[in-house]
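Visitor: I would like to learn how to read side-chain accessibility and charge pairing in a model. Could we go through one case together?

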Amino acid sequence: MSELPDPSELSYEQARDELVSIVQRLETGGTTLEESLALWERGEALAEACQRWLDGARARVDPAQDVKGSSDAT
């Protein structure tokens, strides 16, 4: 799995789609313990990348909502 791009270099959608694929592979089974561990580790890294994207989006949306809420109150 070393030929795969670093999760931090992926877009949110790319990371999410790869994570979904990994979850499906793990749920299906048929992989060795070593393969399953590698998939799990990749999935964890992808989940962290997705969370960073979502945290960044939240950091951009919250201030905009605060400004809109302040203007609505006046």
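Visitor: Does Asp 62 count as buried, partly exposed or exposed?

Guide: Buried means under 20% relative accessible area and exposed over 50%, with partly exposed in between, using a 1.4 Å probe and protein chains only. Asp 62, at 30% relative accessibility, therefore counts as partly exposed. This is a predicted model, in which local features need pLDDT of at least 70 and side-chain atom pairs count only at pLDDT 80 or more, whereas totals for chains, interfaces and linings use all residues. Residues are numbered from 1 along each chain as its sequence is written, and side-chain values use heavy atoms, with hydrogens and water left out.

Visitor: Which side chain meets that of Asp 62 in a salt bridge?

Guide: Side chains of opposite charge can pair when their charged atoms come close. A salt bridge here is a side-chain nitrogen of Lys or Arg within 4 Å of a carboxyl oxygen of Asp or Glu. Asp 62 meets Arg 58 in this way, at 3.2 Å from N to O, and both residues lie in helix α2, 4 residues apart, about one turn of the helix. Arg 58 is partly exposed as well, at 48% relative accessibility.

Visitor: How many salt bridges does the structure hold?

Guide: The structure holds 3. One of them joins Arg 16 to Asp 17, with the closest N and O atoms 3.1 Å apart; Arg 16 has a relative accessible area of 33% and is partly exposed, as is Asp 17 at 44%. Another is formed by the side chains of Glu 18 and Arg 42, at 2.7 Å from N to O. Because Glu 18 lies in helix α1 and Arg 42 in helix α2 (residues 33–73), this pair ties together parts that are 24 residues apart in sequence.

Visitor: Is Arg 42 buried or exposed?

Guide: Arg 42 is buried, its relative accessible area being 10%. For the protein as a whole, 15% of the 74 residues count as buried.

Visitor: How many helices and strands does the protein have?

Guide: Helices (H or I, at least four residues) and strands (E, at least two) are DSSP runs, numbered from the N terminus. The protein has 2 helices and 0 strands, and its C-alpha atoms fill a box of roughly 60 × 25 × 15 Å along the principal axes. Val 23 is found in helix α1 (residues 12–28), and its C-alpha atom is separated by 16 Å from that of Gln 51, 28 residues apart along the chain.
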